[in-house]
Amino acid sequence: MAASPEFDTSVAHPARVYDYWLGGADNFPADRELGDAMIRAIPALPAMARANRSFMERVTRQLVESGVTQFLDIGSGIPTSPNLHEIARRIDPSVRVVYVDNDPLVTEHARTLIEDVPGVAYLHGDLTEPETILADPLLAETLDLTRPVALLVVALLMYFPAEREPERWVATLLDALPPGSHLAISHPTADFDPEAVAAANAAANAAGIPLVSRTHAEFTALFGRAALLEPGAVPLATWRPDTPPDDPHEAYYYAGLARKG
């Protein structure tokens with residue numbers, strides 16, 4: 001696989017590490033080295049990455065089944081089949097999606113993937129600048145912002161420590177969406193195995209990737225004023241599972257879905 005000159009493949013990148021855990025091909029030795037170092041701390045990390053992906057699929061399906069037809073996916077990452085719009089359109093072909101990411105590797109892949117897909121757009125933007133995302137003409141061209149939108153922030157806020165107050169950026173985005181909109185978040189936690197998660201976070205930080213975990217209370221606070229829906233802010237494996245998990249803490253993540261009143 002040839003490296004693009006737009007990005008440094010000698011340095012580990014979070015999107016490519018995640019791609020490696022998912023069994024993808026868009027990763028390089030530095031990414032695999034960090035991925036393996038984190039796996040040494042938490043051997044089940046690839047399975048947890050897949051579990052997080054499964055949460056995205058479940059929440060997408062259930063939102064569409066409840067009548068939601070518009071999605072804004074922040075920090076969408078390297079496209080991995082099936083993608084959100086593919087999952088949603090199996091149920092309702094009219095679903096419209098805007099993907100947002102700030103990474104050039106993601107931009108390259110995402111725009112190639114969706115360039116000929118009506119009603120699906122990729123916006124190069126950054127969660128830390130929510131006003132810029134909201135002002136981008138592509139957003140209003142693709143989504144009807146007078147109708148409910150599902151805002152997805154899946155496995156993204158872990159890159160922002162508490163002092164940066166990432167919940168402010170999420171709130172800015174949700175505040176711009178109409179009542180009836182939804183907010184889905186997943187986030188790693190150290191609550192289930194503090195020592196292992198601390199070791200994995202240390203490996204990521206040593207490679208230049210800031211990575212933080214959050215407690216249940218800290219995770220719940222990310223939803224702001226939005227009302228959490230059943231079953232609430234829960235271990236990811238227990239969020240409306242297709243099959244009940246053998247171990248509710250098998251993935252070191254919390255997940256939740258909330259509705260804007």
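Predicted model: local features only at pLDDT ≥ 70, side-chain atom pairs only at ≥ 80, totals over all residues.
Ala155 lies in the loop between strand S4 (150–154) and helix H8 (166–175). Start there. Is Ala155 buried or exposed? Ala155 is buried, because its relative accessible area is 11% and the cut-off for buried is under 20%.

Now move along the loop to Glu165. Glu165 also sits between S4 and H8. Phi of Glu165 is near 50 degrees, again a positive value in a residue that is not glycine. Its surroundings can be read from its accessible area. Glu165 has a relative accessible area of 36%, so it counts as partly exposed.

Residues 1–5 are another matter, with pLDDT below 50. Beyond near neighbours in sequence, that stretch has seven contacts in the model.

Next, go to the largest nonpolar core. This core holds 85 residues. Which of them touch the most other members? They are Met38, Phe71, Leu72, Ile74, Leu151 and Leu152. Helix H3 (residues 45–65) supplies the largest share of this core, eight residues. Take Leu72 as an example. Leaving out residues up to four places away in sequence, Leu72 touches Val98, Val100, Leu139 and Leu143, among others. Its list of partners also includes Val149, Ala150, Leu151 and Leu152.

Two proline bonds deserve a look. The peptide bond from Ser81 to Pro82 is cis, with omega near 0 degrees. Find Pro82 in the loop between strand S1 (70–74) and helix H4 (84–89). The bond from Glu230 to Pro231 is cis as well, with omega near 10 degrees. Pro231 belongs to the loop between strand S6 (227–228) and strand S7 (234–235).

Turn to His187, in strand S5 (residues 182–188). His187 is buried, because its relative accessible area is 1%, and buried means under 20%. What does its side chain reach? It reaches the backbone nitrogen of Met158, at 3.4 Å. A polar contact of 2.8 Å also joins the side chains of His187 and Arg214. Setting aside neighbours within four places in sequence, His187 is in contact with several other residues, including Leu157, Val212, Ser213 and Leu222. Phe219, Tyr252, Tyr253 and Tyr254 are also among its contacts.

Some of those names lead on to the aromatic rings. The whole structure has six aromatic pairs. Phe192 lies in the loop between S5 and helix H9 (194–206), and Tyr254 lies in strand S8 (residues 253–259), so the pair ties together parts that are 62 residues apart in sequence. Both residues, Phe192 and Tyr254, are buried.

Tyr254 has another partner, Phe219. Why is this pair called stacked? The ring centres of Phe219 and Tyr254 are 5.8 Å apart and their planes are at 25 degrees, so the pair is stacked; the cut-off for stacked is under 30 degrees. This pair links distant parts of the chain too, with Phe219 in helix H10 (residues 216–221) and Tyr254 in strand S8, 35 residues apart. Phe219 is buried, like Tyr254.

Phe192, Phe219, Phe223, Tyr252 and Tyr254 make up one aromatic cluster.

Notes: Residues numbered from 1 in each chain as written. Heavy atoms only, no water. Core = buried A, V, L, I, M, F, W, Y, C linked by side-chain atoms within 4.5 Å. Buried < 20%, exposed > 50% of the residue type's maximum accessible area, 1.4 Å probe, protein only. Helix = DSSP H or I, 4+ residues; strand = E, 2+ residues; numbered from the N terminus. Contact = heavy atoms within 4.5 Å. pLDDT = per-residue confidence, 0-100. Polar contact = N/O pair within 3.5 Å; in protein donor to acceptor, adjacent residues only side chain to side chain. Phe/Tyr/Trp six-rings, centres within 6.5 Å; stacked < 30°, edge-to-face > 60°.
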